Amino acid sequence: MTTINPYICFNGTCEKAFYFYRSVFGGDFSAFRRFKEIPGDVSGNYETSASEGEKIRHIALPVGNHTIIMGSDYPEKSDRIIEGNNFSIFIDTDSKELANRYFMELSTGGKVIKPLDKIWDSLFGILVDKFGIQWMVGYSFEYRTR
């Protein structure tokens, strides 16, 4: 089954925000990773500072049976985010073929930010479509099993 979920980015307040969301929606986090716990960013070549190591790299909170709110703090080396453009739509597919198809079709006329490629035990890519909407596309994304 393909699911579509929000992915929200923060300027250092991700953990506080997600504890708030958990107080509203209930449940437990299905993923909770700090920058210091991951040996690199999605491209595998990112080193964290001591202060950044405590920030959230990836967090996921299931809401209901088929929705997961996910988020992270922006890395210090990135441009600062602006409220209102700090989210992506995340599509999690159940096949590599479908992930490739969605990625290819959504990126037509848009801009690929991170090509669809293997990350950990998953496929993952980021693009901005021709309407300016940022999408994350994945197959077997890591929050399911870790």
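Me: Is Val24 buried, partly exposed or exposed, and what is its relative accessible area?
Reply: Val24 is partly exposed, at a relative accessible area of 48%. Buried means under 20%, exposed over 50%, and partly exposed in between, with a 1.4 Å probe and protein chains only. Bear in mind that this is a predicted model, where local features need pLDDT of at least 70 and side-chain atom pairs count only at pLDDT 80 or more, while totals for chains, interfaces and linings use all residues. Residues are numbered from 1 along each chain as its sequence is written, and side-chain values use heavy atoms, with hydrogens and water left out.

Me: Which helix does Val24 lie in?
Reply: Val24 lies in α1, residues 14-25. Helices here are DSSP runs of H or I with at least four residues, strands are runs of E with at least two, and both are numbered from the N terminus.

Me: Switching to charges: how many salt bridges does a search of the whole structure find?
Reply: The search finds four. A salt bridge is a side-chain nitrogen of Lys or Arg within 4 Å of a carboxyl oxygen of Asp or Glu. One of them joins Glu15 and Arg34, at 2.9 Å from N to O. Glu15 is in helix α1 and Arg34 in strand β2 (residues 31-34), so this pair ties together parts 19 residues apart in sequence.

Me: And what are the relative accessibilities of those two?
Reply: Glu15 is partly exposed at 26%, and Arg34 counts as buried at 15%.

Me: What does Glu54 form with Arg34?
Reply: Glu54 forms a salt bridge with Arg34, with the closest N and O atoms 4.0 Å apart. Lys36 also forms a salt bridge with Glu54, and there the closest N and O atoms are 2.6 Å apart. Salt bridges with shared partners join Glu15, Arg34, Lys36 and Glu54 into one network.

Me: Nice. Over to α3: which of its residues are buried?
Reply: Leu98, Ala99, Phe103 and Ser107 are buried in α3. They cover an arc of only 145 degrees around the axis, which puts them on the same side of α3; the arc is that of the directions from the helix axis to the C-beta atoms. On the other side of α3, Glu97 and Met104 are exposed.

Me: What do the buried residues of α3 pack against?
Reply: They pack against β5 (87-93), β6 (111-119), β7 (122-128) and β8 (134-139), where contact means heavy atoms within 4.5 Å.
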